[in-house]
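Please open the model in your viewer and keep the selection tool at hand.

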Amino acid sequence: MKNILNFLCVFISIFVFSQTKSVKKLPVKKGKKTVVNKPSAGIKKNPDLVIINPDLPVLIPKKENGNFGYVNQKGKFIIQPEYHIAVFFYEDCNLLNSPNEKARKFGSKEYATVEKDMISYRVDKTGKRVYQFKESDLGKCKFEEYKQQLYQAYVLNGFYGIIEKAKFVNAADYRDYQIYPQYQYLYIMEGDDVAHPMIVASHNDKFGVIDVNNKVIVPFEYSNIKRNFSWKLGKMFEVTKDGANYYYIDAGNKTY
């Protein structure tokens, strides 16, 4: 009996050893690993949409030969000039609140409104017309709460200055003025930062841009600067030197 038990123990040991040996991992051959790049999620970035100044739009409206298109921050046309009207890429609140659910996505800031042959479209950043405006698709805008302006223009003896409304008391005291009246004209541009607005000013029959500390931002070399939403929408100014041909500049007076 004892001999039988010894035999079984030896047999089991050999069996276990053989199984362990059979599943032993083979040595891995040395060599370069092949890296498999997984496809990235989302839309591929357009290399033409370069960002030199992060404060500016990646695409800027530009007029050439009487029509508007869009250039990148290097001045290269990405969307060819074929439109009578072209505005910044920005939200369209009428489409965002459209009764047509499928049209709402075209109201986002990823699209811009253009017009050709009296027909208005929304285009994407490749220039593709992705939506044609329909009256029935336009919803009611939900306006944001109005930001009360801190400053306003003030006229004294025919000259324009700037006052801070909450602090202005005595027009005869020069210390009550933020900018003492000295300009032919002043206009505070619409913007999100009411404490640091950009101000279109006229001096010696030329237009430029100043801030509330009377620092010159854009030199007085233009025959006109439009008082529109270009600063609010694109941190840019629409200017002209000849009174006819308008173009955009940034706060560094760079032309686009």
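A residue is called buried when its relative accessible area is under 20%, exposed when that area is over 50%, and partly exposed in between, using a 1.4 Å probe and protein chains only. This is a predicted model, in which local features need pLDDT of at least 70 and side-chain atom pairs count only at pLDDT 80 or more, while totals for chains, interfaces and linings use all residues. Residues are numbered from 1 along each chain as its sequence is written, and side-chain values use heavy atoms, with hydrogens and water left out.

Select Glu-164 and Lys-167 to begin, a pair joined by a salt bridge (a side-chain nitrogen of Lys or Arg within 4 Å of a carboxyl oxygen of Asp or Glu), with 3.7 Å between the closest N and O atoms. Glu-164 counts as buried because its relative accessibility is 16%, whereas Lys-167, at 58%, counts as exposed.

Next, select Asp-192 and Lys-232, whose side chains form a salt bridge at 2.7 Å, N to O. This pair links distant parts of the chain, 40 residues apart, with Asp-192 in the loop between strand 11 (185-188) and strand 12 (199-203), and Lys-232 in helix 3 (residues 230-234); helices (H or I, at least four residues) and strands (E, at least two) are DSSP runs, numbered from the N terminus. Asp-192 is partly exposed at 41% relative accessibility, and Lys-232 is partly exposed at 23%.

Finally, select Glu-82, Lys-116 and Arg-129 together, which are linked in a network of salt bridges. How many salt bridges does the structure hold? The structure holds 9.
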